[in-house]
Amino acid sequence: MSRNSKMRALARTTLTIGFAASLCASLQGCFLAVAGAAAAGGTALVATDRRTVGAQTEDREIQVKALKDLNSGLPDSSHVNVAVFNQRVLLTGEVPDDASKQKAETIVRAIANVGSIINELAVQPASSFSSRANDSYLEGRVKSELVAYKDISANNFKVVSERGVIYLMGLVTTEEGNIGANAASTVPGVMQVVKCYQYIQPEQAAAANASASGNSATPTPAPGSAADAPTVGAVPDSGVSSKPLDQQAPAPVKDSSPAHPGSNGTTR
């Protein structure tokens, strides 16, 4: 084999391994692996994160606990993702029946410091390998799109994709929330955008930004870390296709289902 052929083969192998590794965190997998990654964490400045450092720590603890409890408390055929922002818990994915959907919410409500729960679980078979791969791709595309808008900070948004539906969380003003949702709706492959925000007033946003700037040396897991990955689910199928539709009209935007009280009895 010529030297050039060997180099091309090595490059293909490296890309394949990298893609497989990136998918591992996005698909149903081992909770212990995710928990370990969450504990190790990456580091990033929190200068634009409107949550307090304490709230960020609580969010990570709630997520790890919720994933563990859901993994042991739901049927094996379930595929449930957990996203947490400012003690608001978003449940997405698929469960086999309504009883499992309600049980998932009950499990999360029993966790300390949960402010509210948005239950967007669908009663249907677990999503496929290719669907989850596409969701990982779309999350990255939406995050990149948010970065391009000068009137908002992408770090104020948490992006979750499920079966092509984008869920947006964050502490944002009404204007920021609309800008973010409209931006996400234009990303090719996005089927719908669901707003799961906690709204604040412009003056509150300014104060939160000023307060966060004083904590710029405090490390927190980087966006897209393994702690945000799903861990509960059925074994995916063997199909892989992460390429979304090339062109489409803006996806519809809607509000999430009502937030239900968490363990502390609020709907914040």
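Two strands are taken to pair if DSSP finds at least two bridges between them. Helices (H or I, at least four residues) and strands (E, at least two) are DSSP runs, numbered from the N terminus. The model is predicted: local features need pLDDT of at least 70 and side-chain atom pairs count only at pLDDT 80 or more, while totals for chains, interfaces and linings use all residues. Residues are numbered from 1 along each chain as its sequence is written, and side-chain values use heavy atoms, with hydrogens and water left out.

**View A. Strand S8 (residues 192-195) and its partners S6 and S10.** Strand S10 (residues 253-255) pairs with S8 in the parallel sense over three bridges. Strand S6 (residues 165-169) also runs parallel to S8, joined by four bridges. Val193 of S8 stands opposite Ile166, and its bridge partner in S10 is Val253.

**View B. Lys158 in strand S5 (residues 158-162).** Lys158 is buried (under 20% relative accessible area, with a 1.4 Å probe and protein chains only; exposed is over 50%, partly exposed in between), at a value of 16%. Its C-alpha atom is separated by 9.6 Å from that of Cys196, 38 residues apart along the chain.

View C. The buried residues of H4 are Ser100, Ala104, Glu105, Ile107 and Val108. Seen down the helix axis, these fall within an arc of 160° (taken from the directions from the axis to the C-beta atoms), so they line one face of H4. On the other side, Asp98 and Ala99 are exposed. Elements covering the buried residues include helix H3 (53-73) and strands S2 (88-95), S3 (116-119) and S11 (260-261), where contact means heavy atoms within 4.5 Å.
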